[in-house]
Amino acid sequence: MDFTINGQTVELDVDPEMPLLWALRDVLGLTGTKFGCGIAQCGVCTVIVDGMARRSCVTPIGPIEGAEITTIEGLAIDGKPHPVQQAWIDEQVPQCGYCQSGQIMSAVALLTEIPQPDEEQIAGAMTGNYCRCGTYPAIRAAILRASGQALSPVIDDAEDEPVRG
């Protein structure tokens, strides 16, 4: 089976029922995509398949033969972080970091489809990507930053100064 993974043509001789996650991690050594729940509920294993965010833990590789797959390893170009990765750095999103590759891949898919999403669209696209550390406000800020949008200020009555919401 042939695929384009992170811009490279790859031929895999694996069981067509093998989950994409294991083909990426165990066969190709692309370990940036993590295993989470194994039932497509947590989003840790999210990659982009033909432009759409997809849970790789439940995606058999056979039916997607010929697909264009992007993993977290495929985002940076010439050592320069993808704009979403840079926004993650600028907003200091990660805490433990385990879920972050899946979060970033979902955000990249969102911004590819909707370059300047509103907060409702962000919430909808990121539903199903869970973070045990609770970095959701920083994730939202990073997505807005990557899209070139300013954060909505929240006025702190005690200080009369806008603070990040």
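This is a predicted model: local features need pLDDT of at least 70, side-chain atom pairs count only at pLDDT 80 or more; totals for chains, interfaces and linings use all residues.
A salt bridge here is a side-chain nitrogen of Lys or Arg within 4 Å of a carboxyl oxygen of Asp or Glu.

I'll start with E119 and R140. Their side chains meet in a salt bridge, at 3.0 Å from N to O. E119 lies in helix α4, residues 119-126, and R140 in helix α5, so the pair ties together parts that are 21 residues apart in sequence. As for cover, E119 is partly exposed at 34% relative accessibility, whereas R140 is buried at 18%.

Next, R145. Salt bridges that share partners join D90, E91 and R145 into one network. The side chains of D90 and R145 meet at 3.8 Å, N to O. D90 sits in helix α2, residues 83-90, and R145 in helix α5, residues 136-146, so this contact links parts 55 residues apart in sequence. The side chain of E91 meets R145 at 2.8 Å, again N to O. E91 is in the loop between α2 and α3, so its bridge to helix α5 ties together parts 54 residues apart in sequence.

How accessible are these residues? D90 is partly exposed, at 37%, and R145 is partly exposed too, at 41%. E91 is buried, with a relative accessible area of 10%.

Last, the surface. D2, E11, D13 and E65 gather there in a patch of negative charge. One of them, D13, lies in the loop between β2 and α1. D13 is exposed, with a relative accessible area of 79%.

Definitions and conventions
Residues are numbered from 1 along each chain as its sequence is written. Side-chain values use heavy atoms; hydrogens and water are left out. Patches are made of residues with over 30% relative accessible area and no salt bridge: like charges are joined within 9 Å, nonpolar side chains (Val, Leu, Ile, Met, Phe, Trp, Tyr) within 5 Å. Accessible areas come from the Shrake-Rupley method with a 1.4 Å probe; for residues, only the protein chains shown count as cover. Lys and Arg count as positive and Asp and Glu as negative; His and the chain ends are not counted. The place of a charge is taken as NZ of Lys, CZ of Arg, CG of Asp or CD of Glu. Helices (H or I, at least four residues) and strands (E, at least two) are DSSP runs, numbered from the N terminus. Buried means under 20% relative accessible area, exposed over 50%, partly exposed in between (1.4 Å probe, protein chains only).
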